[in-house]
Amino acid sequence: MQTSASDGGEKSQQSLVFFDLETTGLGQSCEIVQLAAVSGGHSLNLYVIPRCRMQRGAAKVTGFRVHRQRLYLHRQLVLTNSLREVLVSFIAFLQMLGCPLVIGHNIRRFDCRLLARALDELDLKADFESAVSGCVDTLPLAREMLKELGLQSFRQENLVRELLGMNYKAHDALEDVRALQALYGVLQPTPDLISKHMFTLDTMENKLSAKSKVPCEPAVQRPLWEHFRQTVKVTESNEEEAAR
């Protein structure tokens, strides 16, 4: 479990969860396709068959394609769950980590708005909010911390390349959150700065309305727990290293 540092330099009990979505596009009506989260050596990675078509640009960047109600990633079939099952599993993951701080890159303007809309649609918002202590967007955080470096781009891929000296498979939610966790360890923002950039789903500006969405369709996929080991991966970091 990853924890944040207190003012005295000691480790507090505040858990950190790094979170990302892959979606059908960049518009307000796009749908979730992949949700991933990591906290230290614990990870979660889930897929959803979206109810709208993948936009051509998003499909090209992410490698996702839907054919005959099946989801493919780089031409490989992936196991999927209903949106409700994915969100319930994410909330359970957060609860397991003890009211963590949810951290992501550009999540205030994009990911958290889509998440809030989906949670509202499925009446899960209260469950999510009771499971977290707040959210922090590393995009404005990095802009404030690194403004003296004169960086041309604060995209996550660029920050990882500039600060960690590495490239990674971007636009895969699991790889994105793993890279962000490493990046955050280098940034090491102070508690005051974290507090300054903290927000909740209710305090986001221009929050998207759940009423604009079509009703949720009944799930036709297998229940989540039927293939739990294939879709939800909660592992220790040393086990991940041994498997590589």
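Author: What follows is a tour of helix 6 and its packing against helix 7. Keep in mind that this is a predicted model. For a bit of context, the protein chain has ten helices and ten strands, and 50% of its 244 residues count as buried.

Helix 6 covers residues 156-164, and its partner, helix 7, covers residues 173-187. For helix 6 and helix 7, the angle is about 50° and the axes are 10 Å apart. Roughly parallel would need an angle under 35 degrees and roughly perpendicular starts at 65, so these two helices are oblique to each other. As for handedness, the crossing of helix 6 past helix 7 is left-handed.

Now for who touches whom. Helix 6 brings Q156, L159, V160, L163 and L164 to the contact, and on the helix 7 side they meet D176, A179, L180, A182, L183, V186 and L187. Sorted by type, the residues of this contact come out as ten nonpolar, one polar and one charged.

Some of these names turn up again when you ask what is tucked away: Q156, L159 and V160 of helix 6 are buried, and N158 is as well. The cover over the buried residues of helix 6 includes helix 7, and also helix 5, at 138-145.

Last stop, the end of the helix: G165 follows helix 6, and its phi is positive, near 65°.

Technical notes:
Residues numbered from 1 in each chain as written. Predicted model: local features only at pLDDT ≥ 70, side-chain atom pairs only at ≥ 80, totals over all residues. Heavy atoms only, no water. Axes fitted to C-alpha atoms, helices over the stretch in contact; angles between N-to-C directions. Helix = DSSP H or I, 4+ residues; strand = E, 2+ residues; numbered from the N terminus. Parallel < 35°, antiparallel > 145°, perpendicular 65-115°, else oblique. Left-handed = near helix turned anticlockwise from the far one by under 90°. Contact = heavy atoms within 4.5 Å. Nonpolar A, V, L, I, M, F, W, Y, C, P; charged D, E, K, R; others polar. Buried < 20%, exposed > 50% of the residue type's maximum accessible area, 1.4 Å probe, protein only.
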